[in-house]
Amino acid sequence: MTKDIIHKVILLADDDLDDAEMFADVLAEIDSTVELYHVPDGFAVFEWLKNPANPVPDIIFLDINMPQITGWQCLSSLKADELTKDIPVLIYSTSSHHKDKQTAIDLGATAFITKPSDYKILEDFLTAIVNELHNKDIASIIRRLSNSLHLE
Amino acid sequence: MESSKRIIYSRIIFTTGIVLLTSLSVLFIYETYQENTASNVVYRTSLIRQSLEEVFAALNERESALRGFALTADRAFLTRDSLVHPLNKQISILDSLINDSIQQQNLLQLKEKLDYCINRLNSQSLRLKDKNYFNSNQFYTDLKDASVCMDSVEAMIRRMQDLEENSSRGRTLEAQAHTVMATIIGVAVSIFSMIVFILAFYFIDQELKRSQNYINETQTLNSKIAEINKELEEANRSLHDLNSELEDKNFQLEKYATELSSFTHITSHDMQEPLRKIEFYISIVEDREKENLTEEGQKFFEKIKQSVGRMRQLFISMLDFSLTNTVDNNIEDVDLNNVLQQTLNSLKVYIKDTNAIIESEPLPQVKGIKYQLIQLFENIVSNAIKFRKNDVIPEIHISVELVSTRQNLRGLKNGIKYYRIDFRDNGIGFEPKYAERIFEIFQRLIAKQDSYGVGIGLAICRKIAENHGGILVASSQPNVGSVFSFYIPESK
């Protein structure tokens, strides 16, 4: 692998181009060395992961309302596959219903994040995440973060 | 008379009649038979008498013949037929006719006497050939002998005849008696038959009349039943029509409900997307570009931000309202004290900021959806704090009472016990005439400075109350306070 260990990789699956653009924008502001890859739907996630030329992401941000297969189905498949089940998956959705939060946890997601409507909140969140991307304990860190930032 | 009794009586009468008629008929036959027998005897008697007469006549004739010869010496008298043959014939006739034992004995005696007489006569006739016979003593002896014989036979015959006559007389009377009896019986049979016939006819006539009455009654009843049936059919039809109407309305209602539910859900959910983006871009612009706006521009920008914020609240409330249902929620045992705790927790900051005092009696355990009950408590308590009097510390007292619904409050079932949980506050209250209006969506009685509410909270609370099989009502005295009463069924 020619991947530079220092580089952090985030995979974002979202069919909304505006949201992806905002995400990339904020991320670039925080740390431009982070590699952000964006795919538009669930199938593309697997295609991307299967491609040996692509680096293994440190974290996957997964939207729910996507065409073809839903985020839930994608999540289940990711957690069922040996190669991908250890990658932390963050459900990143417009929904704020606590039932969706429960479903995310049940299916093995690391956390459930409601897409923030305030730029600053997103900024703070991504800053914290990026710093801990190579931390093994990232799951609990994310959970604490999402709690305190009222993103759940 | 009961019909079963009637049947029994008629059978008794019929049986008696048959028995009587049969007996009378038997009697009649018997009498006739007896009369016949008696008549036969009488006839036989006359035959016997006739025979006896013949015997006597024959004997007499022979004797006369002998006398004639004796007197005239004319041989012509001697050439008469033999005496024996006709006599034997008559004797055998008599033999066959006579069955009476006395009479039979008499007959035997008669036969003896006849034999004796005939012997005598025969020996006399032999002596007649002698010319000197007529001058001798023998002739006179013979004559006397013959006379005695004849007298004896005559006597016997007479005796027999008398016997027969007596018997005949008796028998004749008997026969007459039997005839009379038979006639009486015959008449009795006729009369009795006529009576039975008349009775039977009367009886049958009554029965026929009764039957006819029953048939008429049945027909009347039948036509009444037919009428009632028709009415029932009509009622059925209208019921059926009403039913279909109801079904149609029901179906429509269900459709509307589903449509409304999806509409609310979809609009509030889907429309949050662009709303969120608006907010997001507003926040970016505020962060990076706001200082590039003119003062007026910044003012307008603020207005946009506020309006968007309000829109956000509206959507949250709408979403909450549409999601407040029971369909995909688990109903479990919920401790309301716990619910109150969580409520106070969520409203911690607000309570602290306003110095609100919240007291409660111990609350019961109920069956319900926890998060909805929390929402209800939160809404009511925060409302109570919100609508406080300006310079008075808000106090909220929560009390419980177990009631059975005699008051017939709309929405509560009779015969079930409910907990009535009262949230009493000392706030500004509201006019009693608005007691129902406050529960309508988007109805706000006053605009408050710190009101975050969009006026949907109480509507949601009421919906939650109804989800749990209860109701939410409010009463108030302006400037004194309000009481919000939450009724929830007792959980056994």
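Select A:D63 to begin: this residue sits in the loop between β3 (59-62) and α3 of chain A. Helices (H or I, at least four residues) and strands (E, at least two) are DSSP runs, numbered from the N terminus. The model is predicted: local features need pLDDT of at least 70, side-chain atom pairs count only at pLDDT 80 or more, and totals for chains, interfaces and linings use all residues. Residues are numbered from 1 along each chain as its sequence is written, chains are lettered from A and ligands numbered from 1 in the order in which they are written, and side-chain values use heavy atoms, with hydrogens and water left out.

An unreviewed UniProt entry annotates A:D63 as "modified residue: 4-aspartylphosphate"; such annotations may be inferred rather than shown by experiment. With a relative accessible area of 4%, A:D63 is buried (buried means under 20% relative accessible area, exposed over 50%, partly exposed in between, with a 1.4 Å probe and protein chains only). Display its surroundings next: leaving aside neighbours within four places in sequence, A:D63 is in contact (heavy atoms within 4.5 Å) with A:A13, A:D14, A:D15, A:G71, A:Y92, A:S93 and A:K115.

Now select A:Q68, which is in the loop between β3 and α3 of chain A. Is A:Q68 buried or exposed? A:Q68 is exposed, at 61% relative accessible area. Its phi is positive, about 65°, although A:Q68 is not a glycine. Most residues other than glycine have a negative phi.

Proceed to helices α2 (residues 42-50) and α3 (residues 71-80) of chain A, whose axes come within 9 Å and cross at roughly 25°. Axes are lines fitted to C-alpha atoms, for helices over the stretch in contact, and angles run from 0 to 180 degrees between N-to-C directions. The helices α2(A) and α3(A) are therefore roughly parallel to each other (angles under 35 degrees). Here A:G42, A:V45, A:F46 and A:L49 of α2(A) meet A:C74, A:S77 and A:L78 of α3(A).

Turn to chain B and select its open sheet of 5 strands, with the order β2-β4-β5-β7-β6 and mixed pairing; two strands pair if DSSP finds at least two bridges between them. The twist averages 20° from one strand to the next. Strands β2(B) and β4 (residues 395-404) of chain B run parallel, joined by 4 bridges. Within β4(B), B:I396 stands opposite B:I358.

Finally, select B:N479 in the loop between β6 and β7 of chain B. B:N479 is exposed at 56% relative accessibility, and its phi, near 70°, is positive in a residue other than glycine.

Notes: Parallel < 35°, antiparallel > 145°, perpendicular 65-115°, else oblique.
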